[in-house]
Amino acid sequence: MLAETTVLSRGFYQRPTAEVARDLLGKILARRTPGGVVAVRLDEVEAYLGADDPACHTFGGRRTPRTETMWGEAGRAYVYLVYGIHHCLNVVTVGEGVPEAILIRGGRPIAGVDLIRRRRGAGVGSAALADGPGKLCQALAVTRQDDGVDLCESKGGITIRTDGLTVPEDAVQRLPRVGVDYAGEAADWPLRMRLSVRLR
DNA sequence: TCTAGGATCGGCT
DNA sequence: GCCGATCCTAGAT
């Protein structure tokens, strides 16, 4: 399944965050688990623009143990817990000292569907297996343990890959971000990007 | 130390 | 559509 794909290099992430977010759509997020490889094609992401973004954990230059990963190297995973229950997977962008990241909001399972279903529950419809940040982490068994993992290195167990598929501009919807009403006007910034069509 | 609140989800009405 | 679960994080004291 992943034989004809290539892992995105660090350079991919060392660009403006909104640009990286748009380019992540249609890419493949793969995770090696004891039971086998699990992969989803990304169809929804949100950009968080660091110190100047009131919705971002690092707004105003906040640097805490939790956000330390965001301050580091681009291409690493930033994983945190929300509502005491759900994990959220982010990808660090730009570079060291620039704490920006992209929240992976959802994807469509394309490999290891049975494994995902086993983790998510047998009764869950295939479209709903990974169509939210918390669900996606559950589907791929991503937890705080994975915070800081290098997504450019296969040995980390989690990678983002491309199979050459490109997403046309008219297939990308730009929407306000979810659940950040507290951020004032920034809540309306069109940094949530979603595929409006279903790719293969 | 204490406390308020959260980048969500799923069950129930 | 509403609401509770659940616990970590960050800022205040």
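In the predicted model, Cys 88 is buried, with a relative accessible area of 5%. The sulfur of this residue lies 6.1 Å from the closest cysteine sulfur, which belongs to Cys 137, and this separation is too far for a bond, given that a disulfide requires a pair of cysteine sulfur atoms within 2.5 Å. Cys 152 likewise takes part in no disulfide, the nearest cysteine sulfur, again that of Cys 137, being 18 Å away. Cys 152 is itself buried, its relative accessible area being 16%. Under the distance criterion applied here, the count of disulfides comes to zero.

Helix α3, which spans residues 113-120, has Leu 115, Ile 116 and Arg 120 as its buried residues. These residues lie on the same side of α3, because the arc that they cover around the axis is only 125 degrees. An α-helix has 3.6 residues a turn, so residues three or four places apart point the same way. The exposed residues Asp 114 and Arg 118 are carried by the face of α3 that is turned away from its buried side.

The cover over the buried residues of α3 includes both strands and a helix, among them β2 (28-33), β3 (36-48) and β6 (98-111), together with α4 (133-139). Beyond the helix, α3 is followed by Gly 121, for which phi is positive, with a value near 115 degrees.

Terms used. Residues numbered from 1 in each chain as written. Chains lettered and ligands numbered in written order. Predicted model: local features only at pLDDT ≥ 70, side-chain atom pairs only at ≥ 80, totals over all residues. Heavy atoms only, no water. Buried < 20%, exposed > 50% of the residue type's maximum accessible area, 1.4 Å probe, protein only. Helix = DSSP H or I, 4+ residues; strand = E, 2+ residues; numbered from the N terminus. Arc of directions from axis to C-beta. Contact = heavy atoms within 4.5 Å.
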